[in-house]
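Me: I've got a new model open and I'd like to talk it through. Can we go piece by piece?

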Amino acid sequence: MRRRRQTPPAPLPQRDGVDPVRVRLPVAGPWATVREHLAERLTAAGTGAVDGMFAAGRIVGADGSPVAPDAPYAPGTYVWFHRELPCETPVPFPLHVVYRDEHVVVADKPHFLATTPRGGHVAQTALARLRRELGIPTLTAAHRLDRLTAGLVLFTVRPEERGAYQNLFRDRLVRKEYEAVAPYDPGLVLPRTVRGRIVKERGELTSREVEGEPNAISRVEILGHRTADAFSPGGVTRDGTAPGLGRYRLLPSTGQTHQLRVHMTALGVPILGDPLYPVVTAAVPAGDFRRPLQLLARALEFTDPVTGTAHRFRSTRVLAAWASYDDWAGGQ
């Protein structure tokens, strides 16, 4: 059996809790130099930016030495560099560490904070913030929550153990409990289990349900409701009357993108504050912290694959629309 080539360790340290970018040069191509390939590959940065990184010695090889712009192209080798961090608006909400040992960190993530670096959210992410605050450069995420969703996220400390924890989620060995606030429809019979097939196309903002074998399963329960006399969340129920407000427990047994948001919309009670479902209104700007999506990853329960310890963690966050609908609706 052919052995897989091992990736060399990064020769550059993290910056602001963010790993350097690693680029593997393709095994075949028309490029005569490393610069030619990077100029073509990093078109978004621009040729001038690439030349500037070479001139400053910021593009390095596996030994940490700067790569010269006229260095011959070497198929299959790696180079590293730190990209310029985007100008990010700090997320002004605390990130609580719920639990920490030598293997894992469980954090209670606020709304609007991305889990891991992606796109325009790099240093302002839960992973980068925890690496900085806890001084654990090897920290990695075992799974992700959407930027707009708050709640519990599991991180691993040791790279060699990350796969064991990720497999818990892959093999559905983690019990996940969410809480949501959405319109209350007295005609909606709960509890119920929602099954469907959800797909998300690359480049699309939203997921959608299609015909076919179900790949998304969620149990939906009602925890409580209030009448429409106390607030006006907007929208109507099936019979055309103004809805009340419902607090829901959501128990997904699968993990498709936006699964709970899609399922609640399909039931006619879309989660409050959702900019994508049932219709795309507008992307939430990075600096707009008003009316957070009323979805919370409330609990995580699993048996630690390394220590055998049975863990159960709960978020102490309160969904704002349930605590005070007027304050949430007013963006306070």
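This is a predicted model: local features need pLDDT of at least 70, side-chain atom pairs count only at pLDDT 80 or more; totals for chains, interfaces and linings use all residues.

Me: OK. Why is helix 5 largely enclosed by the rest of the structure?
Reply: Helix 5 covers residues 259-266, and six of its eight residues are buried, so the rest of the structure largely encloses it. Buried means under 20% relative accessible area, exposed means over 50%, and partly exposed is in between, using a 1.4 Å probe and protein chains only.

Me: Which residues of helix 5 are buried?
Reply: They are Gln259, Leu260, Arg261, Val262, His263 and Met264.

Me: And what do those buried residues pack against?
Reply: Strands. They pack against strand 7 (175-184), strand 8 (192-199), strand 9 (208-210), strand 10 (216-226), strand 11 (244-252) and strand 12 (295-303). Contact means heavy atoms within 4.5 Å.

Me: How do strand 8 and strand 10 pair?
Reply: They pair in the antiparallel sense, over five bridges. Two strands pair if DSSP finds at least two bridges between them. Val194 stands opposite Ser218 in strand 10.

Me: How many bridges join strand 10 to strand 11?
Reply: Eight, and these strands run antiparallel. Ile222 stands opposite Tyr248 in strand 11.

Me: Now His258. Where is it?
Reply: His258 is in the loop between strand 11 and helix 5. His258 has a positive phi of about 60°, although it is not a glycine.

Me: Is His258 buried or exposed?
Reply: His258 counts as buried, because its relative accessibility is 11%.

Me: What does His258 touch?
Reply: Leave out residues up to four places away in sequence. Then His258 touches Asp146, Lys200, Leu205, Thr206, Ser207, Leu276 and Tyr277.

Me: Switching topic: cis peptide bonds. Which residue does Leu190 join through one?
Reply: Pro191, with omega about 5°. Pro191 sits in the loop between strand 7 and strand 8. The bond from Tyr277 to Pro278 is cis too, with omega near 10°. Pro278 is in the loop between helix 5 and strand 12.

Me: What else is in that loop between helix 5 and strand 12?
Reply: Thr281 is found there. Thr281 is exposed, with a relative accessible area of 58%. From Thr281 to Val67 the C-alpha distance is 46 Å, and the two are 214 residues apart in sequence.

Me: Let's go to helix 1 and helix 2. At roughly what angle do their axes cross?
Reply: Helix 1 (residues 34-41) and helix 2 (residues 47-55) have axes that cross at roughly 140° and come within 9 Å. That makes helix 1 oblique to helix 2. Axes are lines fitted to C-alpha atoms, for helices over the stretch in contact, and angles run from 0 to 180 degrees between N-to-C directions. Angles under 35 degrees count as roughly parallel, over 145 as roughly antiparallel, 65 to 115 as roughly perpendicular and the rest as oblique.

Me: Which residues make the contact?
Reply: Helix 1 gives Val34, Arg35, Leu38 and Ala39, and helix 2 gives Thr47, Val50, Asp51 and Phe54.

Me: Last one. Where does Thr156 lie?
Reply: In strand 6 (residues 150-156). Thr156 counts as buried, at 0% relative accessibility. Leaving aside neighbours within four places in sequence, its contacts include His103, Thr138 and Tyr165. Leu152 lies in strand 6 as well, and Leu152 is buried, at 1% relative accessible area.

Note on methods: Residues are numbered from 1 along each chain as its sequence is written. Side-chain values use heavy atoms; hydrogens and water are left out. Helices (H or I, at least four residues) and strands (E, at least two) are DSSP runs, numbered from the N terminus.
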